[in-house]
Amino acid sequence: MASTQVTPTRMELTRLKKKLVTARKGHKLLKDKRDELMRQFLELVRSNMDLRRGVEEGIKRANRNFVMAKASMDEATLNTALMSPKQEIQLEVEEKNVMSVNIPVFNTKTRTQDENDIYSYGFAFTSSDLDGAVKSLSQVLKDMLKLAEVEKACQLMASEIEKTRRRVNALEHVIIPQTQESIKYITMKLDENERSSQVRLMKVKDMMLEDAHKYSERA
Amino acid sequence: MYKIAVIGDYDSIYGFATLGIDTFPIHDENEAKTKLKELTGGLYKIIYITESLASKLTEEIEKYEEQITPAIILIPGISDNTGEGINRVKQSVEKAVGSDILFGNQ
């Protein structure tokens, strides 16, 4: 046990007592942090799951549409049609601090406001299936961006929660009990020293009185 | 000003180009590794990757999990979908809570 390695002095005792107070305070704060992080995480992860299901469904649908479109056109025409996109997305990244976790916030700007600019081709040589496919994909875009933000936040928060939980557990199950143990050990050792010097003094007093008054000879 | 990228096999991703997202068709694993490294080091802060390709790049992707950016997000492709995207969400619940209490039976 660690307590056997502590030097039983008053200075050490004061130090340990201070350490215990700090550890308790830290434990309480970290526990609060963990609980709040957990609450926010659970909210976030639910929306993450919903978004992901929606996005995956949307993309799968769009992919089916693209396959249909590809089937009704020859590949060269398709490639030409999609070769030079009109639209361009610009991304801005900000950081938001949630319970000391930095999470990204994505803002997007498209080059043109017109939502019909996703069709990067004239309609003469392409099939209408392609229009539908592109349209269906553009509908999931907004959710895809939201998903990126939420999923990243979830990952970051999950690892922060893991770290915090470890710290809380280390304080609760290791640091605090060990310090208490050491404090107990020192207190007992000091008390023991106190008693032994008390006894020694009483003994010395007895001997001195014996020397002065010679009680044993009188009896 | 940053941009968004999609990587995966050509058939799964060519449609994204019309939306203004940069597409990077990938043919083999090694190409994917170099491409991912190149993209994450540069302008791209959101990278969508198809599940089939992501299953070969698990290590590389996990490396970025604890960084703020880039966000690497799995999306289903035309074929070989592994369901890893959903799995990853479950994994993060497991990491945070200790066990998957939310989506365990779904």
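So, the contact between the two chains: in this predicted model, 48 residues of chain A are in contact with 33 residues of chain B. On the chain A side, the elements that give two or more residues are α1 (10–71), β1 (89–98), β2 (101–110) and α3 (128–213).

Let's take α1(A) next. Its axis and that of helix α5 of chain B, residues 84–97, come within 10 Å and cross at roughly 175°. Angles over 145 degrees count as roughly antiparallel, and therefore that is the label for α1(A) and α5(B). Who meets whom? From α1(A) we have Met38(A), Phe41(A), Val45(A), Asn48(A), Met49(A), Arg52(A) and Glu56(A), and facing them in α5(B) are Gly85(B), Ile86(B), Val89(B), Ser92(B), Val93(B) and Ala96(B). By class, this helix contact has eight nonpolar, three polar and two charged residues.

While we are in α5 of chain B, have a look at Arg88(B), which is found in that helix. Is Arg88(B) buried or exposed? A residue needs 20 or more C-beta neighbours within 10 Å to be buried; Arg88(B) has 23 inside 10 Å, so it counts as buried. From C-alpha to C-alpha, Arg88(B) lies 9.9 Å from Ile73(B), and the two are 15 residues apart in sequence.

Four strands of chain B form an open sheet in the order β2-β1-β3-β4, with parallel pairing. Its edge strands are β2 (22–25) and β4 (71–75), each pairing on one side only. From one strand to the next, the twist averages 25°. Between β3(B), residues 44–50, and β4(B) there are five bridges, and these strands run parallel. Here Ile47(B) stands opposite Ile72(B) of β4(B). Our friend α3(A) packs on this sheet, touching β3 and β4 of chain B, and its direction makes about 115° with that of β4(B).

Leaving out residues up to four places away in sequence, Ile73(B) touches Leu147(A), Ala148(A) and Glu151(A), along with Ile46(B) and Tyr48(B).

Last stop, the nonpolar core. The largest one has 62 residues, and those with the most contacts inside it are Met157(A), Ile7(B), Ile46(B), Ile47(B) and Ile73(B). Once again α3(A) gives the largest share, 17 residues of this core.

Note on methods:
Residues numbered from 1 in each chain as written. Chains lettered and ligands numbered in written order. Predicted model: local features only at pLDDT ≥ 70, side-chain atom pairs only at ≥ 80, totals over all residues. Contact = placed C-beta atoms within 7 Å. Axes fitted to C-alpha atoms, helices over the stretch in contact; angles between N-to-C directions. Parallel < 35°, antiparallel > 145°, perpendicular 65-115°, else oblique. Nonpolar A, V, L, I, M, F, W, Y, C, P; charged D, E, K, R; others polar. Buried ≥ 20, exposed ≤ 12 C-beta atoms within 10 Å, placed from the backbone. Core = buried A, V, L, I, M, F, W, Y, C linked by C-beta atoms within 7 Å. Pairing = 2+ DSSP bridges.
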